[in-house]
Amino acid sequence: MKTAEQVCSTDLDYIARQGHDEFSRMSGRRVMIAGGAGFLGYYLVQGALHWNVRNPSAAPIKVIVLDNFMRGVPQWLTALEKNPNLRLLKHDITVPLPSELGDVEFLIHAASIASPIYYRKYPIETMDANINGLRFLLDYCMAQKKKGRPVEGVLFYSSSEIYGDPTTENIPTPETYRGNVSCTGPRACYDESKRFGETLCVNFARQHGLPIKVARPFNNYGPGLKITDGRVIPDFARNILSGNDIVMLSDGSAKRTFCYVADAVLGYYKTLVKGRDGEAYNVGVEVPEISMAELADRMVALGRELFGYKGKTVRQQSNDKDYLVDNPNRRCPVITKARTELGYDPQVTIDEGLRRSVIWYSGNREASEA
Ligand SMILES: NC(=O)c1ccc[n+]([C@@H]2O[C@H](COP(=O)([O-])OP(=O)(O)OC[C@H]3O[C@@H](n4cnc5c(N)ncnc54)[C@H](O)[C@@H]3O)[C@@H](O)[C@H]2O)c1
C-alpha cells in the first residue's frame, strides 16, 4: 500500500467483509449517523456505502448523515453527495431532531467534540451535545415507538474517559470498573457528560424497552482523523510530514493502547446490531500498551522508511496549562465482553495501523483547524 486511496480501499473492503453479518441486518434500513462528518463517521459512512456496492443484490443500507457541519461539509462527503443511498442533513443535535428526518431504523449518536484540546475550549457545547442531544434522540425513539415504527437499534458513543484515571489494580479496565473521575476538572465536561449519557441510555432501555447500546472507544486512530485534530498521532504525523522534529508535550511516559479505526468501526457496528440493550462495551485493543515516547520512536522509524525523514523527538512544555491535568497515566481495556458477546476481533497491528495512517496523512496533509 503506497497511497491514501489504497489504504482506504483496503480498509473499506476489510470493513465490508468482516462486518457482513451486521450490514446484512441493516440491509434495506435507514441508518442515521449523528456526527457522521467526523473522524469515526468517515468509515462508519463509507463502510456501509461500500457494503452496498459489494452486495448489489441486497437492498441497500440508506445512510443519513446528520451534522452541524461546523466547518463546512468535508470534501470526502461532498464527493459522495450523488450517492443515492446517502443523505446529508445539516442539523445541530442540541435541538429536537428535524421532522424531515422521517422514519429511521438505526440511530448512531457520534455528535460530540472528541478532542481534549477542543472540548476544553467548548465545554458547554460538549455537554449539550452529549446530554441534550442524546435526550432529543431518545425522545425521537419514544415518538417512533408510539407511532408504531419502533427503531431497531441505537448506539451511543460514550468513551474510555468515563473510567477517568483508573487505579493500578483496575488496569486493564473491564466494563465493570466504576471509574475514578473528577466532576469539576478541565476534562469533566466530557467525562461526566458521557457518564450521564450512559445513565440516560440504561434507564431508557430499562424503563421503555428501547434497544440502546453503548460503546466505550479506547483511543482510535487512522484515516479520517484530521491532521489538525490535536490528538497525538495526527500531531506526530504533521511533524513528520513537514520535516520538523516530533514535539512531545509530556515526559513521554503515559501509556495507551491504540485501536486502528477499521477495527473500531467493526466493533461499533457489532455493538449497534448485536449488543444487549442497556449494555456498554469496551471497543479497543488490549495489546500492545505503549508509551508516548515509544509511539514517537515508532513513528520516527516509519517516517525514515517511508519518506527519508531526518527528524528526532524533542520535549516541550505545552502553552496550555491544563494540557496534562487529569490526563490518565495508563489506559488499556479488557475487551472480553465484546469478543465473546459480539464476535469483535481487532486484527490490524499497531505497526500496520501506523503505517496506513502515515500514508493516509501523506495524501491528506491539509485540513482546516479542527
Ligand atoms: N475517536 C476516538 O478515539 C473516540 C474515543 C472516545 C470517544 N469517542 C466518541 O465518538 C464520537 C465520535 O468521535 P470522533 O472522533 O469521530 O469525533 P469528531 O470530532 O471527529 O467528529 C464529531 C462530529 O460531530 C459533529 N458535531 C459536534 N457537535 C455537534 C452538534 N452539536 N450537532 C451536530 N453535529 C455535531 C462535528 O461536526 C463532527 O463532524 C464522539 O461522541 C466521541 O466522544 C471517540
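Start with the ligand: one of its oxygen atoms sits 3.1 Å from a polar backbone atom of Gly 38, a polar contact in the sense of two N or O atoms within 3.5 Å. This is a predicted model, where local features need pLDDT of at least 70, side-chain atom pairs count only at pLDDT 80 or more, and totals for chains, interfaces and linings use all residues. Residues are numbered from 1 along each chain as its sequence is written, and side-chain values use heavy atoms, with hydrogens and water left out.

- H3 and helix H7 (188-208) are the elements giving two or more residues to the shell; helices are DSSP runs of H or I, at least four residues, numbered from the N terminus.
- The shell holds 24 residues, the closest being Phe 39, Leu 40, Asp 67, Tyr 190 and Lys 194 (a heavy atom within 4 Å).

**Phe 39 itself**
- Phe 39 belongs to helix H3, residues 39-54.
- With a relative accessible area of 10%, Phe 39 is buried (under 20%, 1.4 Å probe, protein chains only).
- Leaving out residues up to four places away in sequence, Phe 39 touches several residues, including Asn 220, Tyr 221, Arg 231 and Val 261 (heavy atoms within 4.5 Å).
- Ala 110 is 71 residues away along the chain, yet its C-alpha lies 9.6 Å from that of Phe 39.

Terms used
Buried < 20%, exposed > 50% of the residue type's maximum accessible area, 1.4 Å probe, protein only. Polar contact = N/O pair within 3.5 Å; in protein donor to acceptor, adjacent residues only side chain to side chain.
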